[in-house]
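This report describes one protein chain. Look at the sequence and the model first, then read the sections in order.

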Amino acid sequence: MKMITLLSSMLLFSLSAQADAPASQPFEQFFQQLSKQCGNAYPGKLTLEPEGDDMLTGTELLIVHFRECSDTQLKLPFHIELEASQSWNRSRTWIITKHPEQLELRHDHRTQQGDDDKVTMYGGFSVGAGTVIRQQFQSLERTAESGYFRGWRIEIEPGVRYTYGTVRGEEWSWRIDFDLSQPLAELPPAPWGHQ
């Protein structure tokens with residue numbers, strides 16, 4: 001009887017400890033939602049661009065590929081269709097790293113030969129708690145220059161959309177939306193500089 005009582009007490013203590021354990025943080029749940037897309041590529045399009053910015057036309061196909069995934073890091077190549085030359089710009093890869101207290105976003109830019117571009121690996125860390133569907137990353141340099149928040153925002157609604165863009169203050173300044181309801185049947189090749 002003492003053994004049964006002891007086992008019951010141990011079970012109750014174990015259940016109580018689990019109930020008191022902190023729930024995973026929003027940034028960890030967000031990272032998990034991104035991880036669930038691993039192995040898939042999705043079509044997207046430009047939905048907002050600052051006046052005078054002509055990097056994208058708004059009619060080209062854009063692709064995000066959840067290509068390399070580990071428990072702590074995701075590498076998402078961003079492929080841009082070049083309509084005029086009927087080729088592709090495969091120079092960009094978004095790198096999202098999970099740290100114990102926050103996420104980090106970096107932009108890996110390569111030349112067609114695979115070398116580092118002149119501007120590469122810029123980015124920043126997530127700020128605030130964020131949510132399961134939205135995280136913001138601050139550019140300390142751009143924020144200091146402008147005097148207001150500058151950085152990047154990433155959102156994910158599983159099965160609906162993945163959104164990447166830049167923000168100024170609280171507003172989107174540049175934004176791309178990818179359709180998570182329709183994974184591409186054919187995956188894109190490796191981005192420049194990656195195997």
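## Confidence and conventions

The average pLDDT of the protein is 91, and 88% of the residues score at least 70; pLDDT is the predictor's confidence in each residue, from 0 to 100. Residues 1–21 have a pLDDT below 50, and this stretch has zero contacts in the model beyond near neighbours in sequence. A contact means heavy atoms within 4.5 Å. Where pLDDT is low, the predicted coordinates should not be read in detail.

This is a predicted model, in which local features need pLDDT of at least 70 and side-chain atom pairs count only at pLDDT 80 or more, while totals for chains, interfaces and linings use all residues. Residues are numbered from 1 along each chain as its sequence is written, and side-chain values use heavy atoms, with hydrogens and water left out.

## Overall layout

The protein has three helices and 11 strands. Helices (H or I, at least four residues) and strands (E, at least two) are DSSP runs, numbered from the N terminus. In order from the N terminus, the elements are α-α-β-β-β-β-β-β-β-β-α-β-β-β.

Of the 195 residues, 40% count as buried. Buried means under 20% relative accessible area, exposed over 50%, and partly exposed in between (1.4 Å probe, protein chains only). Among contacts with a separation of 6 or more, 44% are between residues 24 or more positions apart.

## Helix H2

Helix H2 covers residues 26–35, and its buried residues are Phe-27, Phe-30, Phe-31, Gln-33, Leu-34 and Ser-35. The cover over these buried residues includes strands S4 (73–82), S5 (87–98), S6 (103–109), S8 (134–138), S9 (150–157) and S10 (161–168).

Is Gln-33 buried or exposed? Gln-33 counts as buried because its relative accessible area is 18%. Leaving aside residues up to four places away in sequence, Gln-33 touches Val-132, Ile-156 and Pro-158. Gln-33 and Ile-156 are 123 residues apart along the chain, yet their C-alpha atoms are separated by 7.4 Å.

## The largest pocket

The largest pocket holds about 390 Å³ of space. On a 1 Å grid over the protein atoms alone, a pocket is an open set of points where a 1.4 Å probe fits, with protein on both sides within 12 Å along at least five of seven lines; lining residues have an atom within 4 Å of a point. Grid points are joined across faces, edges and corners, and the volume is the space filled by probe spheres set on the points.

Of the 19 lining residues, Tyr-122, Arg-142, Trp-152, Thr-166 and Trp-174 are the closest to the centre of the largest pocket. S5, S6, S9, S10 and strand S11 (171–179) each supply at least two lining residues, and S10 gives the most, with four.

## Residues in loops

Met-55 is in the loop between strand S1 (41–48) and strand S2 (62–65). Met-55 is partly exposed because its relative accessibility is 38%. Apart from residues up to four places away in sequence, Met-55 touches Glu-49, Ile-80, Arg-92 and Trp-174.

Most residues other than glycine have a negative phi. Gln-86, which is not a glycine, has a positive phi of about 50°. Gln-86 lies in the loop between S4 and S5 and is exposed, with a relative accessible area of 76%. Met-121 also is not a glycine and has a positive phi of about 60°. The loop that holds Met-121 runs between S6 and strand S7 (122–125).
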